[in-house]
Structure formats: structure tokens, C-alpha cells
Amino acid sequence: MIANTHTSVTSGETRARRSFYWRYMVEPYFYLSPALILIGVVMLVPLIVGISYSFQSIALLKPFDTGWVGLENYAALWDDRKFWLALENTFRWTIGSLSLQFLLGLGLALLLNTQFRGKRLFQALVFLPWAVPTFLSALTWAWLFNPVIGPLPHWLHDLGLLSEPYNILGDPDLAIWGPITANVWFGVPFFAITLLAALQSIPSELYEAAEMDGASAWQCFTKITLPFLAPMIAITVMLRTIWIANFADMIYVMTGGGPANSTQILSSYIFTTAFRKLDFGYASAIAVALLGLLLIYAVILLFVRQKLVKV
Amino acid sequence: MARMEIKNLMKRYGQTEVMRDINLDIKDGEFIVLVGPSGCGKSTLLRMIAGLEPISGGEFLIDGLRMNDMRPRDRDIAMVFQSYALYPHMDVERNMGFSMEIRGDDKIKRKQRVLEAAKVLGLENLLSRYPKELSGGQRQRVAMGRAIIRDPRAFLFDEPLSNLDASLRVEMRLEIARLHKRLGATMVYVTHDQVEALTLADRIVVLEGGNIQQVGSPLELYERPANRFVAQFIGSPTMNIIPVSPAKNGVTLANGTKISLSDMLDLNAAAELGIRPEHIDVLPYGTGDFDAESEVVEHLGSDTNLFVRVDGIGPLMVRVHGNVPNQPGDKIGLRFQLHNTHIFSADGQSLGQRITLAA
């Protein structure tokens, strides 16, 4: 109250009362400016430059053919069979990886939330895949799927899942499952650790109260655990979806998008277009399309989260 | 309606035995209060009755049926938790009706039953609120409502009032007493507050160090404590304990005063004398059993607490009914009301008491 009225002016200070405009429209932004400038420089400027590329022809192999081309890149995108294939693969890759990562991560978190001997050791082990460099785990998994040195094809054959022990990374119908498997192995710790943290924050009396109220273990899970995890689930699923959809490393190392583009997802397609075909304009157009899709997804999920979360 | 029998009950955590040989019969419809200092095992005992804590040894029966290995949901007991343990993601109506929801009861029946209980507890306007939007007292009521809805054989309360402020505590205490009268159900109530124990209980169980010290009605515990622990735990302000030595037909205080207790048995083992502050009479200087000097005077309106010092004995507390004009530094005479004097042996057991009840 006192600060707002400015009635006291100390001697020697001849400061006029600042205008309303200055105090409410300018001054706050002045204090915010370091953060705003930082965000602008590292996020907004590259984003705008990237989007502007998508309206230009920038191909290093055609250096004399640069300039604004309007929606030409997008028109080409619409007719690009490989784009639609990559989009479809992106869905399969994202949904496959995400759902398996989530379910296994939730299962692990629930197991780790019980009491058993050597719990700390297991917690550390669960976290381990997260710490392995992607490149390394992708290579290791590629080798595991290789029938010459890896055991997986032989095991799959013995289980009757494969007619003969061949490399599934070379089969256009199955190849996507190779990177998905590696990605699940890599991503489970993230869900396990975050969901475990959320589980541990649920007060134990709630379970006791539910037990007294007659709830079975399954009812405790659906009526207490899940509602409590919902906010965490929503936010982690959203983050992971975006990360996985953008996550080309595994695919690039394991299959390079092949065979016959059967494992090409949008982000790996962007990478190949930009750095193999050196067509930055077209790559930017694909990237903007991916950005749009992910934005729509994020908005939907945040909306659902708001509906779900009551705590 | 339930009769509970606890036989030689034991609780072990790993190698440590925290409770041993607990024996207690709870009659149908009785209000039992488990009271004791923190760490005495009262909550553990309650949780064993509830089924939330496994029983390490002995037996627990409800209506003659062995409950040791029954799950909580099969014991048909409701419990009100200290923290209330309301489900924060459900509104009041769903919180209260949760047990019916679990049972898969019909929605209309559920609503009706919740409304009935809500009316009893004055919650009918709050049914669509969430727990975080309620005050402490309202949450407490919802927790009680959740228990009532189930119409269980018995109610358990785990320090239900300890999170409320003083005036609300008195109000809720009355409400619980009313609830007991209305439902007539067996209730087991845990508290560390002796006022709650004295006001609510049909019988009080005083626990200490994992052992039952005494079981009895509030007045029994006040008038005939079995040992020094119960004597000091029950009653406020705390009973004065004064070291004494046995004498012929009585005991001798450290300052040489002789207290005659001729009709008391076995005074040879007497080591301490217990006298409640309200059982010491204040007399003019020089006319009592011995003299004292008051150090601090607390005027409570209805009573006056005098903290006095007696040469050779030390500090004593005296409570006088009404307002007395004493000032700090005043010299006064004191006299013990002999029929309210307790004598304890060196190991704290009561040797009896000169009590003349309506004689």
C-alpha cells in the first residue's frame, strides 16, 4: 500500500511520479528483459529462421537457385510419398515405443515401490540404461539383432517367432521393431524413476483407509494410485512423446532409415534431407510439419490433463 | 455390535518386542479409550485390532471369531485416522460413499445413505466440495461420516482430535460422545489427551512401555491408581509425589512431618506419597501440618494454582477452588486430605489408599 502511493519523497530527491504507462506497461518488462532476451536469442530466433527456411529454396547442391519460393516446399511435401510413409512410421515408432516404455516403466515403478532385499541395488540398475550413450546402446542392439554375432534372432527362432534366424533389421515389415526394442530398453528408466517418485509421494494412510473401506488391491490401484499418478503420467507421456518423435539417433545408427525407408521417421527424414541431400529448405518444411503435429498433440494432452487432475 | 477379546497379544518388530501379554475384554457397545504417552504402543494396539498391523502372537477375537489372519476389509470395522486420510481427488460425497462404491452398491441407494449421514454431521451443504476446500473440523466430520456410512460392527479412532484447535476439540469430543450414544456401537479410541480419555470413556486402558498399566472407569483411575505412572498420568494438574519413609502407623516426610495413616496396610514398603494438588488444603500460617512459601500464583478464575516450596521437601503444587488472595512470597500452612493420600512402594506400585467413599 505504502509503496504504491509514493507520498513520501526524501530530501534531495526530486523524482516526479511515474506515469501509469511507464509503471505498468514498461517497467515490468524491463526487469524481465534478461530472461526474455535469452529466450529470444536461443529459442525464438532459430525457430523463426528455421520456419523462414521452409519458404525458401536453400539447397547446397543448387547454390544459384536460392530465394523465396512461397509454399513450393509444402506443395512438394504434400506429393511426397516418402513423407507420408515417414509420417506413418513416426506414429508406429512413437506409439510403439511410448506404450511399451510406459507400461514397463509403470510396472517397474510399482515393483520398486515394494519392500525387498537389495532394493537400492535394483533401483541403481534400473537407472543404468538411461546413462548409456544412445549411440552405444543403438550399436549394441544392432549387434544383438545380427544373427552372426547376436543371440536374439536365434532365440526368436527357438520361440517360433521367426521362421529362421535372420536379421529383422533387414526385413521391411519387421525392421521398425528393432529400434523400438532398443528405445524401450533405453526409455523405461525414465518412466520407472519419475513414476516411482510420484508413487512415493502418495500418503500411505490413503491405502490403509481404502483397505478399511474394503478395497481390493486392484481397486486401490485404480481408485487411488492411478488418480494420484495421473498428473505425472500426463506430463511424462507428453514429454516422452515429443522426445521420441524427435529421436532419430537410434534409427539412424541401427537402420539408417532403411530398408526401403521402412524405418524412416520424420526426424530421421529431416536429418537425411538436410545433411545427405543438403536440401535445407525442404528439410525445414518437414520440420515445420512435425512441429505443428506435436503442438496439436501437446495442446490436446494439456487439455486432457486439466480435465483429469483434481488434486 | 461387537464384543472383542484380546488374549496374550504380542507385537514384535524384528527382534524387538514392543508389546507383550496384552489382555483385554471389550464389551459390546463399550467405549474404550487407550491412553498413554507417545511410544507406549496404543496406536500399534489399535492398528492390530484394525488389521493394518500383523499380530505377532496371542489372539484377537471379535464375537468369538479369531481375527488374527483376517484382512481389514473382512473384519467389518471402520477407522478414523489422525490425518483423516480423506481421498483428496474425490469430493465429500464420494469420500463418504467410497465403501459403498467399492461394494458396488446401487448409486441411488448410495446417494441416499450419504445424504442421511451428512445430515447427522451437518455436512449436507458441502457434499460437492473437495477435502482441500474444507476446514479441519469439516474434514474431521467427513472422516467420521465415512466411518458411519458403513454401519460397521465397531469404530476405531486414532487420535482423531489432535489436529484441531482447542475449542473445536471440545465440540468434536461432544459430537463423538453423542455419536456413541446414538449408534451404541463398540468404540476403541486412542489418545494421549487424558481429558478426552476421562470425558469419553466407559473404561480407560492406560498403556506404558507396551504394557497395560491399569484398566478401569475414569473415576477408578483417578481415585485408585494402581501405580505411580497411572497416578501421575491421569488427573490434571499432575499428582505431587513426595519421598517418605515408613513410620509407626504412618509415614514420615523428609522434613520430619509425620502423616498418620493407621488403617493402611503394609506401610513397611512405603517409599513415596502421592497427593493431588486439589487434595491439599491451604490454612493460615502455622496452623497446618507444615508450612510453605508460595512462589508462583496462577489465577485461572475458577481455580487458583499455587506453586509452593516446603523446606526439606521441595516444590509442591496446590490447587484451591475459587479465587484466593495469595501473593507470591506469602507464608501459608498446608494440610493433606488424608483420605485422598496415595502411598507407593519403591517400584511404584500403589500400596493402597485411605479412601472413605461415602462412608
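Tutor: Happy to! Two strands pair if DSSP finds at least two bridges between them. The strands themselves are DSSP runs of E with at least two residues, while helices are runs of H or I with at least four residues, and both are numbered from the N terminus. This is a predicted model, in which local features need pLDDT of at least 70 and side-chain atom pairs count only at pLDDT 80 or more, whereas totals for chains, interfaces and linings use all residues. Residues are numbered from 1 along each chain as its sequence is written, and chains are lettered from A and ligands numbered from 1 in the order in which they are written.

Now to the sheet. In chain B, four strands form an open sheet in the order E2-E1-E4-E5, with antiparallel pairing. Its edge strands are E2 and E5 (65-66) of chain B, each of which pairs on one side only.

Start with strand E1 (residues 4-13) of chain B, which is joined by seven bridges to strand E2 (residues 16-26) of chain B, the two running antiparallel. Along this pairing, B:Leu9 faces B:Ile22 in E2(B). The hairpin of E1(B) and E2(B) has two residues between the strands, and B:Gly14 takes a positive phi near 65° there.

E1(B) also runs antiparallel to strand E4 (residues 57-62) of chain B, and five bridges join them. Here B:Met4 stands opposite B:Ile62 in E4(B), and B:Glu5 stands opposite B:Leu61 in E4(B).

Next, the meeting of the two chains. Two residues are in contact if their C-beta atoms, placed from the backbone, lie within 7 Å. The contact takes 15 residues from chain A and 17 residues from chain B. On the side of chain A that touches chain B, helix H9 (204-212) and helix H10 (217-245) of chain A each supply at least two residues. The largest share of that side, six residues, comes from H9(A). Its residues divide into eight nonpolar, two polar and five charged; here Ala, Val, Leu, Ile, Met, Phe, Trp, Tyr, Cys and Pro count as nonpolar, Asp, Glu, Lys and Arg as charged, and the others, Gly among them, as polar.

Finally, a word on chain A as a whole. Its domain assignment, where bounds come from an automatic or database assignment, gives domain 1 (2-53) and domain 2 (74-308). The C-alpha centres of domain 1 of chain A and domain 2 of chain A lie 42 Å apart.
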